[in-house]
Number of protein chains: 2
Amino acid sequence: MLRSVTFSARQVTVAFVDGTAARFHAIWLRDNALDPETRDPGNRQRLITLSDIPADLAITDAQLAGGDLRVTFAPEGKTVDFPGTWLADHVYDHAGQTPLLPKGTTTWDGTMPAPCSDWRDVRSNPRALRDWLAAVAELGFAKLTGGPAEPEALLRVADLFGHVRETNYGRFFEVRTEVNPSNLAYTGLGLQAHTDNPYRDPVPTLQILYCLENSAEGGESIVVDGFRAAERLREEDPAGFALLAGHPARFEYRGTEGVCLRARRPMIELSPDGQLQAIRFNNRSTAPLVDIPFDDMEAYYAAYRRLGELIDDPAMGVSFKLEPGESFIVDNTRVLHARKGYSGSGSRWLQGCYADKDGLLSTLAALQAQQPEAAE
Amino acid sequence: MLRSVTFSARQVTVAFVDGTAARFHAIWLRDNALDPETRDPGNRQRLITLSDIPADLAITDAQLAGGDLRVTFAPEGKTVDFPGTWLADHVYDHAGQTPLLPKGTTTWDGTMPAPCSDWRDVRSNPRALRDWLAAVAELGFAKLTGGPAEPEALLRVADLFGHVRETNYGRFFEVRTEVNPSNLAYTGLGLQAHTDNPYRDPVPTLQILYCLENSAEGGESIVVDGFRAAERLREEDPAGFALLAGHPARFEYRGTEGVCLRARRPMIELSPDGQLQAIRFNNRSTAPLVDIPFDDMEAYYAAYRRLGELIDDPAMGVSFKLEPGESFIVDNTRVLHARKGYSGSGSRWLQGCYADKDGLLSTLAALQAQQPEAAE
């Protein structure tokens, strides 16, 4: 795997057999040593702290050992092997801007056929489960069809990959028309595309909506890729994008006695190196914005308006009407969902619940490790 | 409340009776109108979207109405009243840097007496519950004493304010020595001060640790204010602080079959306007850092080392040994916890669980609204 090694006291340069090269610092190598005194061989956790590494650390030798790298560190006199493949997987010696989109994500618009899996398949076949979870990871959205039209079936969806996030709305909640609705979701009104609960910090990162009845007129679901909307905004108005990403918004919900949820988070959340982390967009629960400098407020509102137009653009949304026993899951940090208004003699009854991406992505990664052909 | 009002088409200037003045934009006022067509009087949610507000919005009249502000908007011809007190609460026309510390937080070091409430008090007296929650909100840490030494009592602590966050570790987990520990927490080893589960995104924002047995030698708990450590780092080394805040770290946990948790988040997370949002620090689960530019890696490691030294500084930690029936709660986005090693003939058995701050802060805000003297 490695072709050659050179070193100085503070860094090693390795050449890989594919012709690329990379430098690694002494402190980085020592901290990430894979030997059993540095990392527990069972649970793989690091056994040392940074203060256990002498501040006068230096490399005294580095050489090829098979295709691997063997490094000796002073003053410990410790020699550690680093597999060539492991080094190739952890190269950090590269130039270039961090891309806007997180690794493994692909954005989409209304021309995308809705990714869809079958209830029985994902429950009986680990490959089908893997593919369904992979769609959620890549696209932030997937449907599930052919399930039972039974109350609480949505909890069995969450059980496939992780754990329900219980909130003041319960382990799950009923989405149907109420007489005195504590939330406009519990009416027949149309709802603009939105992410759920931006007034909650941390926001629930997944939402499942499961259909039990849907014979009313209207009530179609629409999903919109918020990352695509953010991409489009940045392309056409980088300054507006920077305003929405550069200042916290405010969100609030006080629809029920004893509940007073508030968050101070941006509508477009970026990682410190500029990668899309989350979208928060919800006309119903946006509170008065008080963290934008006075002189920027009108331009902020113009960008906010434009983001809403992009989200409302019919070309952006994937529409479908859920049948009883059908459900969909969204990455609530990315994909917005809307509903058309409904009325008439029929009924519409959905159940919803929240869950988190940590469990979904962990289950997916474990399935992919068991079934390496997943990478094909 | 208001003394005078002047206006132009795009903004209103109000003078408050206390002598201060503030400007509000037309679009901001219209979007935040409190009338029943704009906000649902029951659940207080906004009924309109930004696209419902005409782009050629203009103020045609603004005047005093009692102590309040009355504004008329064209082209809708809509007149809306804004209470003077509401305007005073939502002023955004001010200069100045956002402070590093979130509003309502106070940092501390080892000289702080541990905030402590009584199990029976917080369960029977809403004021005691409010004060205990207020300590967690302000300081990120509080003890609870006098509880039953009964398994699962910690779940009754979480029930006081919100909901358990279930994870791959279960609804709660046993912290005691295991033969083949899936996590170094389940050994007698000392643990450097850390935040829990930085490899999880979203991270659990609260942790409860509840003592059932603690007769072993050692095993003391130590808590450290990560926000104070970040403050100290910024004071002595602003460039190092900027490196830790400016680049994502990586965290990983794969200690159990079927679990593969990974996160890409900074050790010091700031809001886009530079306010402390979260600290992530865990020597055991920090993965190879690959998002720091090569030329910054050594300086990043120097700052990371210094942050660890500040966290390990004995002057920073509040120490105590939990007795059976005692517990503590930490804001896991801020306060680190450590444990001294333990051994000997006795036993040590804690139970731990995670929960989230949304529920805690909501319950606190609702209690404060019911008991306004809380603000004294």
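**Ground rules.** I number residues from 1 along each chain as its sequence is written, with chains lettered from A and ligands numbered from 1 in the order in which they are written. Local features need pLDDT of at least 70 in this predicted model and side-chain atom pairs count only at pLDDT 80 or more, while totals for chains, interfaces and linings use all residues, and side-chain values use heavy atoms, with hydrogens and water left out.

For secondary structure I took DSSP runs numbered from the N terminus, with helices as H or I of at least four residues and strands as E of at least two. On that basis residues 9–76 of chain A are 9% helix and 38% strand, with the end C-alpha atoms 14 Å apart. The unreviewed entry also gives "domain: TauD/TfdA-like" for residues 118–354 of chain A, a stretch that I find to be 27% helix and 29% strand, its end C-alpha atoms lying 21 Å apart.

**Sheets, chain B.** I treated two strands as paired if DSSP finds at least two bridges between them. One open sheet of chain B has 6 strands in the order β7-β8-β19-β11-β22-β9, with mixed pairing. Because β7 (116–118) and β9 (173–175) of chain B are at the edges with a single partner strand each, one side of each has no neighbour in the sheet. The twist averages 25° from one strand to the next, where axes are lines fitted to C-alpha atoms (for helices over the stretch in contact) and angles run from 0 to 180 degrees between N-to-C directions. I followed β7(B) to β8 (residues 141–145) of chain B, and these two pair in the parallel sense over 3 bridges; B:Cys116 has B:Lys143 in β8(B) as its bridge partner. Helix α4 (residues 126–139) of chain B lies across β7, β8, β11 (206–214) and β19 (327–331) of chain B, and runs at about 150° to β8(B).

A second open sheet of chain B has 3 strands in the order β4-β5-β6, with antiparallel pairing. In this sheet β5 (residues 68–74) of chain B pairs with β6(B) over 5 bridges, and B:Val71 has B:Val80 in β6(B) as its bridge partner.

**Relation of the two chains.** With contact taken as heavy atoms within 4.5 Å, 100% of the contact residues of chain B recur in chain A, and each of chain B and chain A contributes 88 residues to the contact. The chains bury about 7500 Å² between them, 52% of it on carbon and sulfur atoms; buried area is the accessible area (1.4 Å probe) that two parts lose on being put together, summed over both.

**Salt bridges.** I counted a side-chain nitrogen of Lys or Arg within 4 Å of a carboxyl oxygen of Asp or Glu. There are 10 salt bridges between chain B and chain A, including A:Asp273 with B:Arg264, whose closest N and O atoms are 2.6 Å apart.

Methods: UniProt positions renumbered as here; feature names shortened; annotations may be inferred.
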